[in-house]
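This report describes one protein chain for a reader who is new to structures. Please look at the sequence and the model before reading on.

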Amino acid sequence: SLDPADQTNDSLAQMALSLRQIGEIRISQGRFTEGQDAFRRSMELTRSLYERDPRLDQRLFDLGQSYFWMGFAAHRDGQFEAAREPFRRYLDVSETLVQRDSNRLDWMLELSYAFNNLGTLDQQLGELESARLRFQRSLEIKRQLVNAEPQQLLWQNELADTLAWLADTEAALGELHQAALHQEQRLMLSSRLASEQPSHRQLQRSVGYASLALARLRLSLGQTDGVAELIERSVLLADQRRQSDPANLQWVEDAARARLDRVRYAVFVDRYAEAFRWLDEAEVLAEQLLAIPEPELDWAIRLRSRAHYLRLLVKARSQASSIPSDEIHLLRQRLAQLSDSSPNNRYLDRLRARVWILEGDLAARSCESRRARTAWRSALNLVSSRVRQYPDALAIQAVAQGRLHQTANASRSIERLADMGYAEPWYAQSIEFDRGLENCPVPSGRERSIH
């Protein structure tokens with residue numbers, strides 16, 4: 001309530017810190033507007049303190065932290081463009097701190113964080129080349145930190161984190177072999193850190209995540225050797241965490257996700273009975289998550305929707321039973337409940353497109369040619385604007401083009417995927433999948449003209 005001009009620098013600094021902590025709490029509660037207001041007030045105070053004595057490193061550091069939290073709040077609220085400017089200012093502050101004292105390793109760490117933040121933002125906005133450059137710069141700094149203090153576990157853990165971000169970006173760019181190499185490096189580093197601290201749950205979680213990421217990349221390259229072991233390792237670690245703290249929803253979610261990757265692999269190697277059993281386990285965990293009152297349920301609904309899609313895929317591939325059309329309709333309704341939390345939400349569009357492909361294939365089996373082609377066109381429309389960057393979207397496009405007899409376009413898509421080394425089992429199996437329309441009765445002249 002006091003005029004800032006009447007307060008000491010220390011009291012203002014304490015007030016700015018308190019406001020920042022309040023902002024963190026509000027954001028964690030999902031109260032983004034209140035959190036952003038607290039961060040804004042904190043930033044105003046830290047800027048005022050910096051202007052009083054810009055020579056003090058601590059004042060400049062505090063100002064950088066305020067910029068970071070402003071960007072963080074906007075990012076968490078899905079305001080990605082609004083997050084860019086404060087993240088850029090955080091980068092500027094971090095670069096100035098390193099210029100002032102290049103021997104301060106904590107300043108270098110801040111600079112790596114700043115590059116990572118902007119890289120994450122670029123990646124989510126689909127600016128993948130820019131994201132890769134940011135992550136490469138962050139990786140370079142963190143390697144310097146590891147070389148300077150090899151015994152410092154924090155530096156190594158940060159290095160593993162940036163390897164993950166860089167690998168994800170390279171995979172999205174279609175550089176699958178390079179992405180797999182970086183994921184292997186990440187897994188080796190995370191595994192060594194976890195072995196040195198076996199009771200550290202977050203480090204164990206990093207190993208599980210790295211195992212799944214590498215398994216997915218190897219499948220994208222058509223490599224199945226060692227994939228089952230990687231997935232099993234992730235399931236085992238997730239179950240250990242869940243058993244140590246059953247009330248921790250994140251551990252429950254991790255266990256469900258790992259099982260869904262297990263299901264996906266089982267489908268590709270024709271182990272359908274196991275796939276159904278693992279699906280049952282994953283869906284029990286998903287329902288456990290949905291039973292907890294949460295302000296935002298998107299993450300739990302996504303998990304259940306992915307499980308629902310995989311169950312339909314297993315049924316279709318195994319032909320264990322027929323699939324009523326209302327099951328696919330229910331899945332599309334669930335997907336419609338999900339909000340696009342990013343301007344470039346490729347995961348959600350990819351899942352929706354695969355559902356359309358599946359619906360078209362099932363309709364083709366029943367000789368419902370119009371419904372089949374409508375579904376395949378819907379899949380094509382969902383991914384056509386993103387195929388320049390993402391191999392998984394390009395694969396869906398190739399499958400849909402093939403189904404619709406767009407032979408020349410499909411051939412170009414297939415050639416691009418071959419250049420990347422992309423041979424993911426769903427894609428490979430779907431390209432060869434019998435559309436079923438060739439054996440259907442010839443449509444009447446009126447129907448033929450429509451099609």
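Asn157 counts as partly exposed, because its relative accessibility is 28%; the classes are buried (under 20% relative accessible area), exposed (over 50%) and partly exposed (in between), found with a 1.4 Å probe on protein chains only. The place of Asn157 is helix H7, residues 153–172. Helices here are DSSP runs of H or I with at least four residues, strands are runs of E with at least two, and both are numbered from the N terminus. Apart from neighbours within four places in sequence, Asn157 is in contact with Leu193 and Leu203, where contact means heavy atoms within 4.5 Å. Asn157 and Ser413 are 256 residues apart in sequence, and their C-alpha atoms are 38 Å apart in space.

The model is predicted, so local features need a pLDDT of at least 70 and side-chain atom pairs count only at pLDDT 80 or more, while totals for chains, interfaces and linings use all residues. Residues are numbered from 1 along each chain as its sequence is written, and side-chain values use heavy atoms, with hydrogens and water left out.

## The whole chain

The chain has 20 helices and zero strands. Its radius of gyration is 25 Å, close to the 22 Å that the globule rule gives for 451 residues, so the chain is as compact as a globular protein of that length. This radius is taken over C-alpha atoms, and the rule is 2.2 Å times the number of residues to the power 0.38. Along its principal axes the C-alpha trace spans about 85 × 50 × 45 Å. Of the 451 residues, 52% count as buried. Among contacts between residues at least 6 apart in sequence, 63% join residues at least 24 apart.

## Nonpolar cores

In soluble globular proteins, nonpolar side chains tend to be buried together. A nonpolar core is a set of buried Ala, Val, Leu, Ile, Met, Phe, Trp, Tyr and Cys residues joined through side-chain atoms within 4.5 Å. The largest one has 71 residues, and those touching the most other members are Val263, Val267, Tyr309, Ile357, Leu417, Trp426 and Tyr427. Helix H13 (residues 298–318) gives the most to this core, with 10 residues. A second, separate core of 60 residues includes Trp69, Ala131, Val146 and Val207.

Ile357 is in contact with Trp376, Ala379, Ile396, Val399, Ala400, Arg403 and Trp426, leaving aside neighbours within four places in sequence.

Cys367 is in the loop between H15 and H16. Most residues other than glycine have a negative phi. Cys367 has a positive phi of about 60° although it is not a glycine. Another case is Asp270, with a positive phi near 65°, in the loop between helix H11 (249–268) and helix H12 (272–290).

## Aromatic rings and charges

The whole structure holds nine aromatic pairs. Rings of Phe, Tyr and Trp (its six-membered ring) pair if their centres lie within 6.5 Å; planes under 30 degrees apart count as stacked, over 60 as edge-to-face and the rest as tilted. Phe39 and Trp69 form a stacked pair, with 5.5 Å from centre to centre and 20° between the planes. Phe39 is in helix H2 (residues 32–52) and Trp69 in helix H3 (residues 57–76), 30 residues apart. Both Phe39 and Trp69 are buried.

The table lists charged ends that sit over a ring, meaning that NZ of Lys or CZ of Arg is within 6 Å of the ring centre and within 35 degrees of the ring normal.

| Charged residue | Ring | Distance from ring centre |
|---|---|---|
| Arg104 | Trp107 | 3.9 Å |
| Arg241 | Trp251 | 5.3 Å |

Arg241 belongs to helix H10 (residues 227–244) and is buried, with a relative accessible area of 2%.
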